[in-house]
Amino acid sequence: MNSQLSSTQHGMWIAARTGAATAYHMPVVVALDADPDRGALAKACRAVVERHPLLGCAVQEVDGEPQLVPAAELPGLDEAGSVEEAVTRPFDLARGPLVRFALVGGDTLVAVAHHLVFDGHSKDLLVADLATYVQGGIPAELEHSDHRERVAAQRERVAALLPEAGEFWAGRWHEPDDTAVPGGWLRSRRAADAEVLEFPLELPRLAAATHFEVLVAAVHVVLASYGNAEVATALDLSTRTEREAGHIGPYVNELPLFSRPSADMPFARFAAQIRGELREVYRYREVPLARAVPGLRPHAALAPVSISYRRLPGTESPLGRVRWLEFNHSVRGALQLQVAHGPSGALVSLRHDPLELADAGRFAADLARVLAGVAADQDRPLGALADFAPVAAAEPRESQAAPGAPLPAGGDPLVAQVTEIWEQVLERAPIGPHEDIFDLGGHSLTITQIIARMQTQLGVEIGLDDFFDNSTIAGVVAVVRR
């Protein structure tokens, strides 16, 4: 049965439609301890999908609004020539399913889910449930098993928080500046092909800050030391409540964090500032920024630098050795830090666009040095942990702005028809040909509705990426005319 997307899923769906490639592929790889009984393993994979029906879904448009529908077929256990092949094979979002399982070399299991139905904690749940089924057991019964009910409850919570969240972000959000790094600038907030650097990291814990808060503070110190007067990062924050406990799904929201580190501030005090600001942000962690900030244009990442952190299970899986941070060969933004923290320490997967970050090793070394200094003395001034460069002046960039698209002389029936659709969807009139949809309060959902009506009423099509780049009536008509 069809189900609405949650607010988080809708944003991911928009990003996936605008060229995110493999950026939303979430793999987990298990080097199996013993030669598997292929039949038993296939049965266990199917049982996991039956237990978590969201994995067996697809996403299709109904009257311009994406909805979850049953996949054309459920996943089996396939063969793959390599882990990379299994990870990077595209998903057909409209047919599904949004998870796949493959054996590589007979002894390596690769499970890949789309972020539309999966998050970091879902990896733990999937591996644990697979192990239970393989061993002949049955996992404990799940409460609140109806995804539609969970989505409805989440939408109600978001709606209740929205007015307050709008006021909160009105005083904090602004478009992040380019981020200076040695030898260049981090500017991209799109998805791109990436390279990866993996390294272990020791995360000290302060009396007044968690490991995650110390990590975020250390990243901000490193970026400030490169000459950034203000540091902006995007953070993946869990939105799970008791209702979502035990359920596989995308219970995460990306929100921004801004800071202004100073060289003479003790690290412990700066970490306390980060902690305090995070505590404020947490109150609105379920509200997507695009819902709270009018006119926010969609990006794969809210800032060029993003951080994702999670705790790993306390015990090893009986299935075998698990690679929790398997690389998906893409990055959202210019630099993405994914950190998995287990009993033996933290492992970092530093995904980066090589066209923007030329020296990932330098960043990794600087981060490790700052954290080592904190472990030795948490009250050490930030300037003693890292050499602060003078505030960087951003290099000028060629303007991307284009003049408003000219309209044909003498009037154009298509302009009138498109204008009527905009006014119906946005519920306002009149709308001028050069007014930007984001300035009019439009967002990703209204854009998909406009595109759908243009297709059904006018028989013309325009892609989401073209719409975002030409977000006026004149711009949309010019694209159609081309």
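What follows is a short exchange on one residue and some helices.

Reply: The model is predicted, so local features need pLDDT of at least 70 and side-chain atom pairs pLDDT 80 or more, while totals for chains, interfaces and linings use all residues. Residues are numbered from 1 along each chain as its sequence is written, and side-chain values use heavy atoms, without hydrogens and water.

Me: Why is His 115 called buried?
Reply: Buried means under 20% relative accessible area, exposed over 50% and partly exposed in between, with a 1.4 Å probe and protein chains only. His 115 has 9% relative accessibility, and therefore counts as buried.

Me: Which residues does His 115 touch?
Reply: Contact means heavy atoms within 4.5 Å. Leaving out residues up to four places away in sequence, His 115 touches Met 12, Tyr 24, Met 26, Pro 250 and Val 252.

Me: What makes H2 and H4 oblique to each other?
Reply: Helices are DSSP runs (H or I, at least four residues), numbered from the N terminus. Axes are lines fitted to C-alpha atoms over the stretch in contact, with angles from 0 to 180 degrees between N-to-C directions. The axes of H2 (residues 38-51) and H4 cross at roughly 130° and come within 9 Å. Under 35 degrees is roughly parallel, over 145 roughly antiparallel, 65 to 115 roughly perpendicular, and the rest oblique. H2 and H4 are therefore oblique.

Me: How many residues of H14 are buried?
Reply: In H14 (residues 473-481), 7 of the 9 residues are buried, so the helix is mostly covered. Among them are Ile 473 and Val 479.

Conventions
Helix = DSSP H or I, 4+ residues; strand = E, 2+ residues; numbered from the N terminus.
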